[in-house]
Amino acid sequence: MTRYITPDNWLALALACASLILALVTIAVYRRRLISVPRCVKRQSDAGLPDRITYPSVSVIVYSFNNAKGLEELIPQLRRQNYPGKFDIIVVNDGKDDATEGLLNRMSTEDVPRLYHTFTPRDTRNLSRKKLALTLGIKAAAGDCIINVTADTRVHSDNWLRLMAAPFTDPATEIVIGYAAPDNDIDTARGARGRRHDRLIDSVYYLASALAGKTYRGDGDNLAYRRDTFFRMKGFSNSLNLHYGDDDLFVYEASTTGNTAVVLAPDAQVISTVTGDRPEKVYRYKKMRYDFTSRFAGRGQHLFYGTLSLLLWIWLGLTVAAVAVEPLNPVSLALCAISALSLWLPMMMIWNSAAKCLGSKRFLLSAPFFIMWRPLRNIVYRLRSRKIHDAQYAWQSQSMA
């Protein structure tokens, strides 16, 4: 074996050793950050329901846009919540859709306690419609804590509200980040697998950052904060000229290391479905708008994950170069094999565990491909987002343009 370790082979050996060292460093950083998500799910699942606490009053704000069918499914799920404290449900009908108004009026006359509704005018201009709708709902709320969902949210557990509200029993907690799993079964178009894995990676990244005290995003289908916090931050005033940002810009600005809790217990997770549009179209638009707002929210965290992706590509380059320089050197080949196994076996286990905990489909053998491909996918969508740049603004602003 020593005949393969000679001054003539130094370049291949150096490249292989560098590949191994980089693999060990990368997986150490990667694992430390991402393993927090499945660990949080397991810890909260084992803890069960909180008891012997005084729950705060809660208002569930439901945003709806032309989605009477979604509300017809969601509201009974909210009514069934096993919540020991006071709570009400406020539906904001964006655009005053007639079918939605008729449904809500009918439900209000039935045995549906604590159900209220309001609307935003159809002809609203130069404003973010969703932010206006949420603001109207929060102003009308009687609860001390606000939990945001949409008409596309599906709540499968009667203990969801209890789990999402429990962290507010700590006076220091102002924001609660929940998780809304996409309804992957409805996306059957070409490329569905790639979209599913990309959404999972996005979710794990922002949840892991929140668990590390570096919150930069939530999910509007399952997001909570104190009513006082909303008004202290002057609502969405810092991003009024943007159509969106209610679940990332606002959360980023309002969160601190000590005021944010993450709730990932299985019963606290909800499903985010798609009504009235193609799932792949909704995915593309969300991808582009989150890419757009990332320049304002959590740039440090996006840089952190971008650096990890860069390290993976550097590792690949070192490994390929080591094999290309000495393709028949068993020592360099063994070092490259060890580096690949050291990097990707733990990586696949982490991602498959995260997928299982967050209600996604198996993500094991395909993890290396999709994780390596992700930066290229992001570049493609960043270029596409330029086409809808102006559409992101409610009105033009020189300060943010």
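Visitor: OK, two strands pair if DSSP finds at least two bridges between them. In what sense do strand β6 and β8 pair, then?

Guide: Antiparallel, over 3 bridges, with β6 covering residues 175-177. Within that pairing, Val176 has Ala224 of β8 as its bridge partner. Strands here are DSSP runs of E with at least two residues, helices are runs of H or I with at least four, and both are numbered from the N terminus. This is a predicted model, where local features need pLDDT of at least 70 and side-chain atom pairs count only at pLDDT 80 or more, while totals for chains, interfaces and linings use all residues. Residues are numbered from 1 along each chain as its sequence is written, and side-chain values use heavy atoms, with hydrogens and water left out.

Visitor: And what about β4 and β8, how many bridges there?

Guide: Strand β4 (residues 145-150) pairs with β8 (residues 223-226) over 4 bridges, again in the antiparallel sense. Ile146 faces Tyr225 of β8, and Asn148 sits opposite Leu223.

Visitor: What's the strand order in the open sheet?

Guide: It runs β3-β2-β1-β4-β8-β6-β9, which is 7 strands with mixed pairing. The edges are β3 (115-120) and β9 (260-262); each has a single partner strand, so one side of each is left without a neighbour in the sheet. On average, neighbouring strands are turned by 20 degrees against each other, direction ignored.

Visitor: Which residues cover the two faces of β8?

Guide: Leu223 and Tyr225 are on one side and Ala224 and Arg226 on the other, and all four are buried. Buried means under 20% relative accessible area, exposed is over 50%, and partly exposed is in between (1.4 Å probe, protein chains only). In general, side chains in a regular strand alternate between the two faces of the sheet.

Visitor: New topic: where is Ala133?

Guide: In helix α5, residues 129-140. Ala133 counts as buried because its relative accessibility is 0%. Away from neighbours within four places in sequence, Ala133 contacts Tyr63, Val92 and Thr120.

Visitor: Now the helices. How many residues of α7 are buried?

Guide: 18 of the 20, so α7 is largely enclosed by the rest of the structure. Helix α7 reaches 28 Å from first C-alpha to last, close to the 28 Å expected. That expected span is 1.5 Å times one less than the number of residues.

Visitor: At what angle do α7 and α13 pack?

Guide: About 90 degrees, with the axes 11 Å apart. That makes α7 roughly perpendicular to α13, a label for 65 to 115 degrees; under 35 is roughly parallel, over 145 roughly antiparallel and the rest oblique. The axes are lines fitted to C-alpha atoms, for helices over the stretch in contact, and angles run from 0 to 180 degrees between N-to-C directions. Among the residues that meet there are Arg193 and Tyr205 in α7, and Phe370 and Arg374 in α13.

Visitor: And how close do the axes of α1 and α7 come?

Guide: Within 9 Å, crossing at roughly 80 degrees. Tyr30, Arg33 and Leu34 in α1 meet Val204, Tyr205, Ala208 and Ser209 in α7.

Visitor: Where does α13 bend?

Guide: At Arg374, by about 40 degrees, and Pro375 follows within four residues. The bend is the angle between axes fitted to the seven residues ending there and the seven starting there. Helix α13 (residues 367-385) has 19 residues and reaches 26 Å, close to the 27 Å expected. Its buried residues pack against α1 (10-34), α7 (192-211), α10 (279-293), α11 (299-325) and α12 (330-357).

Visitor: Last one: what does Ser360 touch?

Guide: Asn184, Arg196, Leu200 and Ala355, not counting residues up to four places away in sequence. Ser360 is in the loop between α12 and α13 and is buried, at 16% relative accessible area. Asp183 is 177 residues away from Ser360 in sequence, yet the two are 8.9 Å apart in space, C-alpha to C-alpha.

Methods:
Contact means heavy atoms within 4.5 Å.
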